[in-house]
Amino acid sequence: MTLALTIGTEYYLALSALLFTIGAGGLLVRRNPLIMFMCIELMLNAANLAFVSFGKEMGDLGGQLSVLFVLVVAAAEVVIGLAIVVAVMRRRPKASIDEVSVLRG
Amino acid sequence: MIQNMSFIASNSLQTPSVSWSGLLPAIILAAAAILLLTICSLTPIKITNQQLTIYTCVAAVGSLVATIPLWLRVQDESRGPFSTISGAFGIDGFSLFVTMLLTVSVILVSCLAGVFLKSEDIEGPESYVLLLLSATGGIIMAGANDFIILFLGIEVLSISAYVLAAMNLKRIQSQEAGLKYFVLGAFASGFLLYGIALLYGATGSTELTAIRNFLVDTELTNDTLLLAGLALIIVGFAFKVAAVPFHFWAPDVYQGAPTPFVAYMASAIKAAGFAAMLRVLYVTFGQYRADWQPVIYGIAIATLLLGSLLAIVQTDLKRMLAYSSISHAGYLLVGTQAASDQGVAAVLFYLATYAFMVIGSFAVISLNSGPAGTETDLNSVTGLANRKPMLAIAFTVFLLGQAGIPLTSGFFAKFYVIEAVIEEESFGLAIVAMLAAVIGAFLYLRILVKIWLTNQETVSEEGKMIVIPKQVSFVLTIATIVTLFLGVWPEPLVEMVQRAVPVLMAS
């Protein structure tokens, strides 16, 4: 007896929504800039997963294609972000965003 | 032979036709940026700041000139707006108007940058390259007819702007501004992208034309996915244009970033953000206006009131202008909320006039901020009228313009926005907008009192001589003349914005 397992699109979408929530929540809660970057990546990849699953469900190539663009953008964003963090942390060895608080209104 | 050729052609990859002339404004800016970067990284020649300013201005003027034949073509009844790259990029009056606005602000900002980057000791071609690239992103945003292109435009614009904010590596505030801008900007991009993904799922396309046609043709039985996507997109845009409650980054970034780039952010980035927002909300989701209008209504009221109230309690000039720029975003949202052609025209008029006033204001603040460019406290303008009467007069014009006093362009900007929203019978919003104008006027008067009526108690040690360089006086003169001219005779710009209607053209 073989177990036929089909995973419907809704599961993928639920996972993507979960990833997005973890990313957005993590960004608001965590204070380590590197972890915050990872959270941003999670949010973007959640969107990627949603694109792919919608595209697969509709048999449309557009969704898969969008992912390529998003990947490029995400890479560029991380490069810039890490550069800024390195620049900031050179002056302040402790990596916590709370330390970065000269500007306050 | 010919049959053979067509056989090959049909087997090869079909690429969409590209109207190069339509993309020329963006191509000129991007090519200029890449050329400058290549020259500067490959050759040991040291290029002076002045040469860089001239180079950037020439590129921006070239881009501005390239929009003129397009504008004439689009206004021509028989030809009209068109789209290229299989409908992914649209060239209409709206996108061309925003392109012109962006190139003009690049010209003005690069004149300021030439002088003030030297005083902040961050000379070098990088800032100019990033400025040009960022403007390219803005042009792409204004013309994008596809959500993925729109996303790419926003990212090109923002990623360059993150670096511009963090440009001064020696100053802790600048780095902090860059980090905050980056984290919150990337957060907003995440929301925007997820919203786009949900809309793709709901409508089956990322093309704005296809989405609009889908919404017109089909009655959705379950539109949860669509509304969730729309909500996420509005959050993403609200972050980019610094609307309450997504405004936290603006005051910190405005205070910390190098002043010329703050002027760029307040003028050009705001313009590009609103251009994208209008195209998505008004043109594409016009069918769903009953769903998004109340949201924009609420955000507009919060932005207007909080922006003008918080501006009053600030003690730093750059922070004051940051909060005032938040409240200006509120007026722009009022025009967006109207969701009519008149509202769109009013928003464009507002963006154009505000760009000159805000670039001028930041130019004055930079001039007055001492040799290191860090003295931006409210007290730093005390007695400016005695020290530099001409500078004080120019600043007064910009501040009165932002307050919306008659005989300045700011008055008509506010007037048209409020008129547009009254036409659509949102009287509550109109009343709040007028109320916010009164509260806002208090802020500008507070600065004006410092300039004109307060005498400097202690003359600072070095006497604080302000020398106005040529480029800066050029910027100040242009900004003052435009502000006053449009305050007396707004018709030329009004006529132009009325022709700048956004449309979605299929390929």
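Biologist: How many helices and strands make up the secondary structure of chain B?

Modeller: Chain B comes to 20 helices and two strands. Keep in mind that this is a predicted model.

Biologist: What radius of gyration does chain B have, and what would a compact globule have?

Modeller: Chain B has 23 Å. A compact globule with 507 residues would be near 23 Å, so the two agree. Along the principal axes, the C-alpha trace of chain B spans about 85 × 60 × 40 Å. Of the 507 residues, 61% count as buried.

Biologist: What about contacts along the chain?

Modeller: Take contacts in chain B between residues at least 6 apart in sequence. Of these, 81% join residues at least 24 apart.

Biologist: How do I read a pair of packed helices?

Modeller: Two packed helices are described by the angle between their axes and the distance between the axes. Here, look at α13 (residues 317-338) and α14 (residues 341-368) of chain B. Their axes come within 8 Å and cross at roughly 170 degrees. An angle over 145 degrees counts as roughly antiparallel, and α13(B) and α14(B) are therefore roughly antiparallel to each other.

Biologist: Which residues of α13(B) and α14(B) meet?

Modeller: On α13(B), they include Leu317(B), Leu321(B), His328(B), Tyr331(B) and Leu332(B). On α14(B), Ala346(B), Val347(B), Tyr350(B), Leu351(B) and Tyr354(B) are among them. By class, the contact has 12 nonpolar, seven polar and one charged residues.

Biologist: How far does α7 of chain B reach from its first C-alpha to its last?

Modeller: Helix α7 (residues 172-203) of chain B has 32 residues and reaches 46 Å. That is close to the 46 Å expected at 1.5 Å a residue. α7(B) is mostly covered, with 30 of its 32 residues buried. Gly204(B) follows α7(B), and its phi is positive, near 85 degrees.

Biologist: What covers the buried residues of α10(B)?

Modeller: The cover includes α6 (147-165), α7, α11 (259-284) and α13 of chain B. In α10 (residues 249-256), eight of eight residues are buried. Trp249(B), Asp252(B) and Tyr254(B) are among them.

Biologist: Now a loop. Where is Glu123(B) found?

Modeller: Glu123(B) is in the loop between α4 (93-119) and α5 (126-143) of chain B. There are 17 other C-beta atoms within 10 Å, so Glu123(B) is partly exposed. Beyond residues up to four places away in sequence, Glu123(B) touches Asn49(B), Leu117(B) and Lys118(B). Asp92(B) is 31 residues apart along the chain, and the C-alpha atoms of the pair are separated by 37 Å.

Biologist: And what does Met505(B) touch?

Modeller: Met505(B) lies in the segment after α20 (491-499) of chain B. With residues up to four places away left out, Met505(B) touches Pro81(B), Phe82(B), Ser83(B) and Gly90(B). Met505(B) counts as partly exposed, because 15 C-beta neighbours fall inside 10 Å.

Biologist: How is an interface sized?

Modeller: The size of an interface is often given as the accessible area lost when the parts come together. Residue counts can be read here: 33 residues of chain A are in contact with 35 residues of chain B. On the chain A side, α1 (9-29), α2 (33-58) and α3 (61-91) each give two or more residues. The largest share, 15 residues, comes from α3(A). That side divides into 24 nonpolar, six polar and three charged residues.

Methods:
Residues are numbered from 1 along each chain as its sequence is written. Chains are lettered from A and ligands numbered from 1 in the order in which they are written. This is a predicted model: local features need pLDDT of at least 70, side-chain atom pairs count only at pLDDT 80 or more; totals for chains, interfaces and linings use all residues. Helices (H or I, at least four residues) and strands (E, at least two) are DSSP runs, numbered from the N terminus. A residue is buried if 20 or more other C-beta atoms lie within 10 Å of its own, exposed if 12 or fewer, and partly exposed in between; C-beta atoms are placed from the backbone. Two residues are in contact if their C-beta atoms, placed from the backbone, lie within 7 Å. Axes are lines fitted to C-alpha atoms, for helices over the stretch in contact, and angles run from 0 to 180 degrees between N-to-C directions. Angles under 35 degrees count as roughly parallel, over 145 as roughly antiparallel, 65 to 115 as roughly perpendicular and the rest as oblique. Ala, Val, Leu, Ile, Met, Phe, Trp, Tyr, Cys and Pro count as nonpolar, Asp, Glu, Lys and Arg as charged, and the others, Gly among them, as polar. The radius of gyration is taken over C-alpha atoms; the globule rule is 2.2 Å times the number of residues to the power 0.38. The expected span of a helix is 1.5 Å times one less than its number of residues.
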